[in-house]
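Look at the sequence and the structure below.

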Amino acid sequence: MTKKGILAVVSGFSGAGKGTLMKELLQAHKDQYALSVSATTRQPRAGEEHGREYFFVTKEEFEQMIREDALIEYACYVGNYYGTPKSYVLEQMEAGRDVILEIEIQGALKVKERFPDTLLLFVTPPSAAELENRLKGRGTESSQVIRSRLKRAVEESEFMEKYDYILINDDLHACVREMHELIQVQHLRAGSNKEWIEKIKEELRSL
Ligand code: ADP
Ligand code: 5GP
């Protein structure tokens with residue numbers, strides 16, 4: 001079966017727990033996954049490091065990356081640019097690692113257009129009230145930014161049906177397990193095994 005990595009997109013409302021889930025998933029299966037590090041023009045939060053959570057760049061640097069076609073996709077989210085550098089994703093997939101893009105909806109749909117075999121996962125908390133609690137509890141944004149992110153969540157909820165699976169992040173570990181299983185099962189899809197199918201067809205013809 002396929003040795004090439006799967007491309008999976010994880011989206012979800014800000015505060016749904018995507019970052020927390022990614023950390024757990026990568027800790028549990030470090031050799032299997034590669035998490036793409038995006039470029040962004042937003043300011044780093046306390047504790048975030050350049051090259052680990054994001055490549056923090058200026059608007060001019062970001063626009064330069066767009067011009068050089070160095071991004072698989074990019075989008076503007078609540079006033080800042082965010083984008084996925086292309087080279088790392090393609091290298092890791094070739095090396096057999098499953099690559100996860102933790103990106104918002106406009107970007108997710110662009111990736112799906114460009115790579116139709118991409119698995120689209122949408123993470124949501126069990127309720128809207130819990131979303132608000134998590135955003136406030138994280139304590140990383142002003143109340144004004146929290147309001148804009150909650151408003152954005154209303155818009156984003158309109159696109160949930162475009163995703164392949166909805167993951168409810170209630171029990172963190174159960175959600176990590178579900179995410180891992182969903183990604184791993186993609187390795188068995190016919191679409192992920194085109195080369196293998198060609199090989200067995202060839203073998204059968206030459207019997
Ligand atoms: P996102 O990356 O989607 O914006 P985070 O991973 O930063 O979200 O999580 C937002 C907040 O919710 C954090 O304070 C995190 O500790 C908390 N959180 C994440 N998952 C859960 C969960 N399953 N149950 C309770 N709290 C959670
Ligand atoms: P945050 O500022 O909370 O880190 O991220 C804000 C939003 O941007 C989240 O929904 C996150 O998934 C999304 N995001 C992060 N990186 C990218 C990217 O490279 N492309 C796109 N389209 N969205 C991204």
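Is strand β1 (residues 7-12) largely enclosed by the rest of the structure or exposed, and why? The model is predicted, so local features need pLDDT of at least 70 and side-chain atom pairs count only at pLDDT 80 or more, while totals for chains, interfaces and linings use all residues. Residues are numbered from 1 along each chain as its sequence is written, chains are lettered from A and ligands numbered from 1 in the order written, and side-chain values use heavy atoms, without hydrogens and water.

Strand β1 is largely enclosed because 6 of its 6 residues are buried. Buried means under 20% relative accessible area, exposed over 50%, and partly exposed in between (1.4 Å probe, protein chains only). Strands are DSSP runs of E with at least two residues, and helices are runs of H or I with at least four, numbered from the N terminus.

In a regular strand the side chains alternate between the two faces of the sheet. From β1, L7, V9 and S11 point one way, and A8, V10 and G12 point the other.

Two strands pair if DSSP finds at least two bridges between them. Strand β1 runs parallel to β7 (residues 98-102), joined by 4 bridges; here L7 stands opposite V99 and V10 opposite E102. The open sheet has 5 strands in the order β2-β7-β1-β8-β9. Its edge strands, β2 (33-35) and β9 (165-168), each pair on one side only.

Towards the surface, W196 lies in helix α8 (residues 194-205). W196 is partly exposed, with a relative accessible area of 35%.
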